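Have the model open beside you as you read.

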Amino acid sequence: MTDKISCGSRLMHLLRAYGVDTLFGMPGVHTLEAYRAMDDAGMRHIGVRHEQGAGFMADGYARMSGKPGVCLLISGPGVTNAATPLGQAYSDSIPMLMISSVAATKDLGMGRGRLHEITDQSQVTAPLTAFSAIATSPDQVREYVARAFALFETGRSRPVHISIPLDVLTAIDDKPVSRRVARGNRIPAGAGIEDAAKLLAEAKRPVIIAGGGSIGASSALVELAEGLGAAVVPTIAGKGVIPDSHPLALEATLDRPATQAMIAEADVVLCVGTELAEPDIWLDGPLPMNGKMIRIDIDPETLVRDYDAAVAIEADAALALADILAELPPIIPSKGSHNQVARVRAAEREALTPLERKHVKVLDALRRVMPDDGVVYSDMTQLAYTGYAFYPCVGPRQWIFPAGYGTLGYALPAGIGGKIAAPERPVMVVVGDGGFQFTLQELGTAVEQKLPMAIILWNNDSLAQIRDGMISRKIPTIGVNQHNPDFIKLAEAYGCRTESPQSIEALEQAITAALAADRPTVIEVRESSGFLA
Ligand SMILES: Cc1ncc(C[n+]2csc(CCOP(=O)(O)OP(=O)(O)O)c2C)c(N)n1
């Protein structure tokens, strides 16, 4: 395309050149020009009900597809409404591109009271992104899009925000589009491989902690674990890197005592692609480790954060693990580790509270009817806190959780984004009655897009996690027992199917029917149900 079209129109072709075929958006008077050539470019636009939904959908799309999720929003309120999803994607290292309009170049920073004006829009999103830039010409639009994709494909993925001034969006852009290729080998491992292999070969009780950065390194990680006889503890983001049924796999119980005790007693702990951040370990300080630590991460800052690693390797996880495997002398793995894993798993299950046992009954039912390639998008609800540990997965990214930023209202729009990315894969959403009300208007989007999704609404008639925290600290239960709507009527009003199962069998049937339906189904499960007692 070399004809004289606007920068807004050219942008659609530019994004298509980078493999983007779906945008999550809410149009406004400021972004009209970006819509002109959308159909010509073959770009699919998913219209949302609120910009927060667009951001979470882009995030859920990225987690399902492995490709960057892209949203297109207006200046000012469109941007600030989507700031929360940027924060979530930033803390979970998700590739997301937010494109928005901004005031015309002559008005930038002037504070003239223009429509949707923020005097310095790029600064609003700067701390929530890898970079936030204002493109002041069509050339700069190309430049920043190229930089965003280079970052997504070669470094630590994090969201990017590109603001395009109104006059730039409408300016003539007569240059053809092309993709600047940055893809190549991610950083290969170098120094540290021999030292890591030596430490691991000599280890008597090695443990591997596998984070979100290891999900592309699943087969090397399992091969290494089996070669060493090492127990593997996934973080929530790493859940499924080793199948939960594997005899060396701990469930995602890095925040639980028996697992932490096992790590403390290990003589070598190999941490792959994990920050070991507070929501991974739920400790007010570092994870206790008496052994030596080996750290592999693509982000050099993470390599030196919080711990004195004996060996720190800056590299892509798959490349580093392959190099370590090649360097490792033949070892006879100890069978003892299988027994230890089984003991620790049993200890974690025995320590479940009565409420968690109730959750497990529901989670086991979900798992029985969910096909192996199904994906659960979960919110910040008590059912999901038990689920991220004890819902068994066969592969990575089958249990999605807004771990770092911990945002209520994530699951429904993220699940919609996931289902758009992979219509052939079964998608379930797990959300509490409080979290649901943050973004339930996106039921409208799911109905409009005819998405068969099973939305499990875990209803305990309160913001229970916070209520329970108040009770245990002897604080009055203020602001946690909200008036709830009739969720079934509300879902029906949106055009959803609905179910209120009264037995485990009915729950399983409801999910099976939901996954095969022609639209979303809200399945309300009450914590107080007799069948869960
Ligand atoms: C945006 C946002 N606001 C507030 C919180 C604090 N918070 C965490 S869990 C929770 C309660 C959620 O209630 P619900 O969705 O009903 O799940 P439940 O804990 O009852 O299972 C709250 C308010 C949060 N995580 N995110």
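1. α8 contributes the most to the lining of the largest pocket, giving three residues. Helices (H or I, at least four residues) and strands (E, at least two) are DSSP runs numbered from the N terminus. This is a predicted model, where local features need pLDDT of at least 70, side-chain atom pairs count only at pLDDT 80 or more, and totals for chains, interfaces and linings use all residues. Residues are numbered from 1 along each chain as its sequence is written, and side-chain values use heavy atoms, with hydrogens and water left out.

2. The largest pocket holds about 1,200 Å³ of space. Of its 49 lining residues, Asp92, Ser93, Gly212, Gly213 and Arg397 are the closest to the centre. Two or more lining residues come from each of α8 (138–154), α13 (278–281), α15 (317–327) and β15 (399–400). A pocket is an open set of points on a 1 Å grid over the protein atoms alone, where a 1.4 Å probe fits, with protein on both sides within 12 Å along at least five of seven lines; lining residues have an atom within 4 Å of a point. Points are joined across faces, edges and corners, and the volume is the space filled by probe spheres set on them.

3. By class, the largest pocket's lining has 21 nonpolar, 15 polar and 13 charged residues. Here Ala, Val, Leu, Ile, Met, Phe, Trp, Tyr, Cys and Pro count as nonpolar, Asp, Glu, Lys and Arg as charged, and the others, Gly among them, as polar.

4. Now for the second largest pocket: about 500 Å³ of space, with 19 lining residues, of which Asp255, Trp282, Tyr385, Tyr388 and Gln465 lie nearest its centre. α17 (354–369) and α18 (382–390) each give two or more residues to this lining, and α18 has the largest share, four residues.
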